[in-house]
Structures are given as C-alpha cells and as structure tokens.
Amino acid sequence: MNNLPSLHDLKVFLLVTRRFSFTAAADELGMSPAFVSKRIRALERDLNLRLLHRSTRSVTLTDDGERVSRWAQQLLYQVSQLGDEIDALHGEPKGLLRVVSSPGLGRRMVAPALAELAVRYPGLDIRLDVQDRLLDLAEEGVDLDIRVGNDLAPHVIAKPLAKNHRVLCASPEYLRAHGTPASLTDLGYHDCLVIKERDHPFGVWNLTGPRGAETVKVAGSLSTNNGEIARQWCLDGRGILLRSMWDIKEDLQSQRLVQVLGEYRQPADIWAVHTSPLLNSAKVKVTVEFLGEYFRGRC
C-alpha cells in the first residue's frame, strides 16, 4: 500500500457501492460525477487495488472491493463512535446526524421536530431521509430510525417516543354509500385501502378487540405503499382505512372521517431505533429525548 487511505475517500467509496452509481453518489454528495471518480481513483492508487468494475450502465465491486468495503464500514463506524463518545463526555451534541423515517411520519411529525432541534442545537448538521424500506443502520451510516409499530426485531436497540394506535376509519360519504361494517367479517364485503408499509404484511390487519388479538385479511381496488396517499383516498370516500391516530386525529375531530368498529385497534407506538447505547452519543441522546417531548405533546 502506497499511502494511508483518506477517510473522506472511503466514505465516497461506500456511497458509490450503496448507490451502484457514480452519478447517484455525486447527487447525494452535492458534487460532480467527475469529483467522485477522482476520489475513487485516488483511493485505488493509495491502496494499490482495483476496487470497482465500471461500465456504462453499472458499477460493481471487485473481490478486493468487497474486502475493502467490509473493512471501511467497520473503520468508519468505529471512528464515528469515537467522535460520539468524545462529544458525550463534554455533553456537546454536534456533527452530522442522519435520521430516517417513513414518508408520512417523516413529513408530518419528524421534519418539524428536527427543525426545532436544529435551532436548539446549532452544532448539529441534521439530515432526514424518508423511505418505505427498513435499513441496516450501521451499514448505511444512519444514527436514528423513527418508526411506527411494535413489531421490532429482538436485536435492535429502541426507545419508545410516544404511545400510538391505529384505528379503522372511513369517510361519511363512503359509509352512506356502502353501509357501516358491524363486525370484522363484514370487512370482507368492503373496499379496504391496503398499505404496504415497510415490514408490515400486505393486506393483513392484526387487531386487538373484545376477544383479544384477531387477524383479518382485507382487499380492495386501491392499494399503495404510501400512507398519505391512502389517507387521501379515504377522505375521498374510496374505502376503509387502518391508520395511526397521529395522522387522522384531526380528521376524526372534524368528522371528515368516522371511526368504524371502534372496539378494535392496533397498538403501533412510535420508536427511536439506534445502533448504540444513548450514553455513547451526545447527539443521539439529546435527539431522542427531544423527540420524546415533542411527540408526547402531539400524539
């Protein structure tokens, strides 16, 4: 090896491997593809290895690239942890904070909360990504995943931010046209607005009611992977929806939507999922505490 590799070049390399594209990596960095290509060439020169197979359509890892990718992920994670622990000792939250959430929760709740957090802690550089897939937080370099639902994998570190539950609802117009279901079985005769959201099973509603836990399979002519779209369809009178109270509370209060089968609900609390204990990172600790205060006053 000619020289020690630059940490910045390793970050660029990992971003290229995650996006499988110089152009996509450049867009995320706010740089030009030529800049990204230059940093990859510099890293290959420092390591004296070819890391990537390049073609006009795709970028793939060489065998050496696979090994360097694993090594770089571990190294950068440890460097990040070192910085976080130093900050934690001094109680100074600062540096890049990467947060992910689902589109609906991200836009309606997480984004305004983080905007207030940035005012309180100007040393933080906050980035929020919204998407409907679960991420490997350590591999993607994400500090916090703000998610809804109590089906958490046993290996994750998670702190509850706010109590929440999902309820069944429909517009008054839909109920006038199609009738109001009197039992879970009746849902089979209704148009249900089905959401494929992150790791939730498609078209299966697990509910808690008078007889305990029950499961019902539902279907309808409209389905989506976006909760905001499903909510709008529900408001437009297109079907029955299972949706979180944080999202539809105002619709219920204004009677734009009506709760149906009110004895049934689905527990779906809001959680902060992170990769390391809160005491190890000042920026993660203050963010989780702030989000807890913010959500509890609004859910």
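**Exercise 1. Find the residues with the most contacts inside the largest nonpolar core, then say which elements build that core.**

Solution. Step 1: the largest nonpolar core of this predicted model has 24 residues, and Leu105, Ile146, Leu161, Ile270 and Phe295 have the most contacts inside it. At least two core residues come from each of strands E3 (95-101), E5 (144-148), E6 (157-162) and E15 (270-274), and from each of helices H5 (103-120) and H10 (282-296). Step 3: zoom in on Leu161. Skipping residues up to four places away in sequence, Leu161 touches Ile146, Ile270, Trp271, Ala272, Val288, Leu291, Gly292, Phe295 and Arg296.

**Exercise 2. Work out how many residues of H10 are buried, and check its span.**

Solution. Step 1: H10 has 15 residues, and its first and last C-alpha atoms are 21 Å apart, close to the 21 Å expected at 1.5 Å a residue. Step 2: eleven of the 15 residues in H10 are buried, which leaves the helix mostly covered. Step 3: go and spot some of them, including Lys283, Val288, Leu291 and Phe295.

**Exercise 3. Decide why Glu44 counts as buried, and find its polar partner.**

Solution. Step 1: locate Glu44 in helix H3 (residues 33-47). Step 2: the cut-off for buried is under 20% relative accessible area. Glu44 has 12% relative accessibility, so Glu44 counts as buried. Step 3: the Glu44 side chain makes a polar contact with the side chain of Arg54, at 3.1 Å. Step 4: leaving out neighbours within four places in sequence, Glu44 also contacts Leu49, Arg50, Leu51 and Leu52, besides Arg54.

Terms used
Residues numbered from 1 in each chain as written. Predicted model: local features only at pLDDT ≥ 70, side-chain atom pairs only at ≥ 80, totals over all residues. Heavy atoms only, no water. Core = buried A, V, L, I, M, F, W, Y, C linked by side-chain atoms within 4.5 Å. Buried < 20%, exposed > 50% of the residue type's maximum accessible area, 1.4 Å probe, protein only. Helix = DSSP H or I, 4+ residues; strand = E, 2+ residues; numbered from the N terminus. Contact = heavy atoms within 4.5 Å. Expected span 1.5 Å × (residues − 1). Polar contact = N/O pair within 3.5 Å; in protein donor to acceptor, adjacent residues only side chain to side chain.
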